[in-house]
Amino acid sequence: GPINMGLDEKEVEKRVKKALLKVGLEGFETKVPHNLSYGQKKRVALAAVLSMEPKVLVLDEPTANLDPKSRVDFIRLINELNERDGITTIIAMHDVNALPELANQVYVLNRRIVAEGSPREIFSDWELLKENSLEAPDVFKLFKVLNCFGYSSDDLPLSFDEAIQVLTRTIEGKDGHIHLHVHEHTHKEISNVIQSYNHHHNNGKK
């Protein structure tokens, strides 16, 4: 990339080292690509783009096929590029569990833009998700179910880290305890939540 930009050899070498450092692959300059893991290959591809010093980074399914650790590391890296280096990131993805950690504005596409808003606004709109066969983050769905058991929270968490913060605040405000219970409408409410979010998994099972 930098060579095609017409930069001299010294500048190219400088940018390559800087880019590899940013993605955590310093010292990999002479490594053969086919000897790298899938996660490392993704980071190398990202480094190639970063070496051209873009102001906007467009990513397509960046977390696809990554093992859990590589997935977490890649999400952290993308956020660092955005927060530390000021690179705007535009991401196309179906990984709803990663999306809240990566985006502050979401556009739902179904041949055209059918909705836009914050991750919380999008995932709270059951009808929107149903009409477009979309899922919500697992943590968000879990807390929806907890609501049916009497747990109440103004802001349902969208990520694991948020869940820890929400639970901690709730417990601290209730003398160290959370009380859950079953009432006559609990099972019906749970069924409604499941149907709302598992619409496209319904294959006739009851």
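At 33% relative accessibility, N82 counts as partly exposed, a class that lies between buried (under 20% relative accessible area) and exposed (over 50%), with a 1.4 Å probe and protein chains only. The structure is a predicted model, in which local features need pLDDT of at least 70 and side-chain atom pairs count only at pLDDT 80 or more, while totals for chains, interfaces and linings use all residues. Residues are numbered from 1 along each chain as its sequence is written, and side-chain values use heavy atoms, with hydrogens and water left out.

N82 belongs to helix α3; helices (H or I, at least four residues) and strands (E, at least two) are DSSP runs, numbered from the N terminus. Apart from residues up to four places away in sequence, N82 touches I87, T88 and T89, where contact means heavy atoms within 4.5 Å. I3 lies 79 residues from N82 in sequence and 25 Å from it in space, C-alpha to C-alpha.

With 16 residues, α3 reaches 23 Å from its first C-alpha to its last, close to the 22 Å expected at 1.5 Å a residue; the expected span is 1.5 Å times one less than the number of residues. Buried along α3 are S70, R71, F74, I75, L77, I78, N79 and L81. The cover over these buried residues includes α1 (9-22), α2 (38-50), β1 (56-60), β2 and α4.

The hydrophobic interior comes next. In soluble globular proteins, nonpolar side chains tend to be buried together. A nonpolar core is taken as a set of buried Ala, Val, Leu, Ile, Met, Phe, Trp, Tyr and Cys residues joined through side-chain atoms within 4.5 Å. The largest such core has 38 residues, of which V23, L46, L50, L81, F123 and F143 touch the most other members. Helix α3 (residues 68-83) gives the most to this core, with five residues. L81, when neighbours within four places in sequence are left aside, is in contact with K22, L46, L50, L57, G86 and I87.

Charged pairs were examined in turn. A salt bridge is a side-chain nitrogen of Lys or Arg within 4 Å of a carboxyl oxygen of Asp or Glu, and a search of the whole structure finds twelve of them. In one of these, R71 pairs with D95, and the closest N and O atoms are 3.0 Å apart. This pair links distant parts of the chain, since R71 is in helix α3 and D95 in the loop between β2 and α4, 24 residues away. That loop runs between β2 (88-92) and α4 (99-102). D95 counts as buried because its relative accessible area is 18%. Beyond residues up to four places away in sequence, D95 touches E61, T63 and R71.

R84 takes part in two of the bridges described here: one to E80, with the closest N and O atoms 3.7 Å apart, and one to D85, at 3.2 Å from N to O. R84 is partly exposed, with a relative accessible area of 47%. E80 is likewise partly exposed, at 32% relative accessibility, and D85 falls into the partly exposed class at 31%. Through salt bridges that share partners, K22, E80, R84 and D85 are joined into one network.

Rings of Phe, Tyr and Trp (its six-membered ring) pair if their centres lie within 6.5 Å; planes under 30 degrees apart count as stacked, over 60 as edge-to-face and the rest as tilted. The structure holds one aromatic pair. F143 is buried at 2% relative accessibility, and Y151 is buried at 3%. F143 is also among the buried residues of helix α7 (residues 138-148), together with V139, F140, K141, K144, L146 and C148. After α7 comes G150, with a positive phi near 100°.

Elsewhere, the charged end of K31 sits over the ring of F28, 5.8 Å from its centre; the criterion is NZ of Lys or CZ of Arg within 6 Å of the ring centre and within 35 degrees of the ring normal.

Finally, N104 lies in the loop between α4 and β3 (106-109) and is exposed, at 66% relative accessibility. Setting aside its neighbours within four places in sequence, N104 is in contact with S118 and P119. N65 is 39 residues from N104 in sequence and 24 Å from it in space, C-alpha to C-alpha.
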